[in-house]
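Here are my notes for a colleague who is opening this entry for the first time. Please keep the viewer open while reading.

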Amino acid sequence: MSRSPTPQRLPAVRGTLTADRPLAPLTWLRVGGPAQWLFQPADEEDLAHFLAALDPEIPVFPMGVGSNLIVRDGGIPGVTIRLGRGFNAIRCTDHGRVIAGAAALDAHVARRAAEAGRDLTFLRTIPGTIGGAVRMNAGCYGSYVADVLESARALTRAGEVVTLAPEDLALGYRSSALPEGWVLTEATFAPPAGDPAALEARMAEQIARRDASQPTRDRTAGSTFRNPSGASSTGQAGDSHDLKAWKLIDEAGLRGAALGGAQMNPKHPNFLTNTGSATAAELEELGERVRKKVYENSGLTLEWEIMRVGDPPDGRGSGGEGQD
Ligand SMILES: Cc1cc2nc3c(=O)[nH]c(=O)nc-3n(C[C@H](O)[C@H](O)[C@H](O)COP(=O)(O)OP(=O)(O)OC[C@H]3O[C@@H](n4cnc5c(N)ncnc54)[C@H](O)[C@@H]3O)c2cc1C
């Protein structure tokens with residue numbers, strides 16, 4: 001893998017291609033180094049041409065709004081792709097489908113769907129994009145993307161447009177089988193019908209419930225570790241993960257545990273938090289210490305739900321996603 005694609009090796013684009021673009025401001029945790037190149041395509045055609053012409057050796061990492069990411073301090077090698085305006089349209093069809101661009105925010109999609117009498121209320125309190133939601137099979141309050149996804153549109157690493165059925169994505173507990181470097185551009189949902197006023201009321205209730213139990217205004221990336229499964233870890237669409245990660249962390253005495261600017265949130269101990277000055281290395285190291293201590297205390301191994309991407313500060317990392 002080349003560490004430094006020169007501008008000459010990158011295809012011409014209509015969108016914006018920026019070298020050494022800091023990524024911390026583009027993530028919820030506000031940590032991490034730069035993207036070697038950040039590409040913000042103008043539209044799907046621009047992205048398809050770029051991918052088709054890009055040297056296959058150069059790694060590609062699509063990101064949403066970074067609400068499930070720790071970008072390591074050395075940054076992300078290759079090209080990071082962030083979709084914007086050309087990808088955030090939301091349409092509700094006469095046949096009850098909700099079609100959303102991958103850059104549309106989950107909350108906006110939930111609200112538009114509710115206005116049209118379609119129930120995507122579970123997306124209202126998830127602070128990511130539709131691309132991230134499909135990739136992660138996002139869900140809460142008993143509903144998941146897998147329950148309502150009809151199809152997803154994506155570009156392969158070679159720039160070909162493909163339509164994926166839910167089976168192609170093998171959606172599992174906070175996971176999918178989307179191949180590395182593929183970029184989701186749109187998703188079609190077939191949600192159940194509902195009364196708009198009742199859907200609106202449910203969303204308001206869910207916001208209040210979440211604010212009461214989670215540090216929604218802090219710098220976090222949501223749940224740090226997956227809830228462990230007792231017997232099976234295949235985790236189909238439903239959340240059969242009965243053991244709660246936060247309880248295991250609490251029982252190990254780690255609520256509020258800190259390392260530098262990183263802390264296991266006192267309000268909800270499964271929320272790894274940047275209290276202001278944390279580095280990505282501190283956040284990741286605190287997470288690893290928590291995993292070790294929880295294992296010693298309970299015999300259970302916590303698995304990261306937050307994706308850790310990029311290189312450590314010395315630039316000698318894998319450049320890939322962190323492995324559990
Ligand atoms: C306060 C808070 C509460 C949260 N609550 C929940 C919750 O209840 N349920 C839940 O499931 N999650 C929750 N999360 C986690 C997070 O919001 C979800 O995982 C979300 O789906 C991530 O979306 P994103 O756009 O921010 O993706 P990112 O964090 O930017 O990326 C996450 C993954 O998605 C991939 N990705 C993003 N966009 C694309 C694309 N267009 N094409 C291909 N791959 C893509 C990235 O490569 C990466 O692998 C929470 C996070 C926070 C901060």
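This is a predicted model: local features need pLDDT of at least 70, side-chain atom pairs count only at pLDDT 80 or more; totals for chains, interfaces and linings use all residues.

The numbered points below go from the domains to the sheets, then to the helices and the ligand.

1. **Domains.** Into which domains is the chain divided? Domain 1 covers 7-85, domain 2 covers 87-198 and domain 3 covers 223-305. The centres of domain 1 and domain 2, taken over C-alpha atoms, are 22 Å apart. Domain 1 puts 16 residues into the contact between these two, and domain 2 puts in 18 residues.

2. **The side of domain 1 that touches domain 2.** Two elements, helix 1 (44-53) and strand 3, each supply at least two residues here. Helix 1 gives the most, with 6 residues. By class, this side of domain 1 has 9 nonpolar, 5 polar and 2 charged residues.

3. How many strands form the open sheet with the order 1-2-5-3? There are 4 strands, and the pairing is mixed. Strand 1 (16-22) and strand 3 stand at the edges. Each has a single partner strand, so one side of each lacks a neighbour in the sheet. From one strand to the next, the twist averages 30 degrees.

4. **A parallel pair in that sheet.** Strand 3 pairs with strand 5 (residues 76-82) in the parallel sense. The pairing runs over 4 bridges.

5. A second open sheet is formed by 5 strands in the order 6-7-12-10-11. Here the pairing is antiparallel. Strand 6 (90-92) and strand 11 (161-164) are the edge strands, and each pairs on one side only. On average, neighbouring strands are turned by 15 degrees against each other, direction ignored.

6. **Strand 12 and its partners.** In which sense do strand 12 and strand 7 (residues 98-101) run, parallel or antiparallel? They run antiparallel, joined by 4 bridges. Ile99 stands opposite Thr188 in strand 12. Strand 12 also pairs with strand 10 (149-155), again in the antiparallel sense and over 6 bridges. Leu149 has Phe189 of strand 12 as its bridge partner.

7. **The hairpin of strands 10 and 11.** Strand 10 pairs with strand 11 in the antiparallel sense over 4 bridges. Arg153 has Thr163 of strand 11 as its bridge partner. The two strands form a hairpin, with 5 residues between them. Check Gly159 in the turn: its phi is positive, at about 90 degrees.

8. **Helices across strands.** Helix 1 lies across strand 10, strand 11 and strand 12. The angle of helix 1 to strand 10 is about 55 degrees. Helix 2 lies across strand 6 and strand 7. Helix 2 runs at about 20 degrees to strand 6.

9. **Helix 2 against helix 6.** At what angle do helix 2 (residues 106-115) and helix 6 (residues 196-213) pack? The angle is about 155 degrees, and the axes are 8 Å apart. An angle over 145 degrees counts as roughly antiparallel, which makes helix 2 roughly antiparallel to helix 6. Helix 2 makes the contact with Ala110, Ala114 and Glu115, and helix 6 with Pro196, Leu199, Glu200 and Met203. By class, the contact has 5 nonpolar, no polar and 2 charged residues.

10. **The ligand shell.** Which residues come nearest to the ligand? Of the 32 residues around the ligand, they are Gly64, Gly128, Gly131, Gly132 and Gly222. Strand 3 (60-63), helix 3 (130-136), strand 8 (139-140) and strand 12 (183-189) each give two or more residues to the shell. The largest share, 5 residues, comes from helix 3. By class, the shell has 19 nonpolar, 12 polar and 1 charged residues.

11. The shell around the ligand draws at least three residues from domain 1 and at least three from domain 2.

Methods: Residues are numbered from 1 along each chain as its sequence is written. A residue is near a molecule or strand if its C-beta atom, placed from the backbone, lies within 6 Å of it. Ala, Val, Leu, Ile, Met, Phe, Trp, Tyr, Cys and Pro count as nonpolar, Asp, Glu, Lys and Arg as charged, and the others, Gly among them, as polar. Domain bounds come from an automatic or database domain assignment. Two residues are in contact if their C-beta atoms, placed from the backbone, lie within 7 Å. Axes are lines fitted to C-alpha atoms, for helices over the stretch in contact, and angles run from 0 to 180 degrees between N-to-C directions. Angles under 35 degrees count as roughly parallel, over 145 as roughly antiparallel, 65 to 115 as roughly perpendicular and the rest as oblique. Two strands pair if DSSP finds at least two bridges between them.
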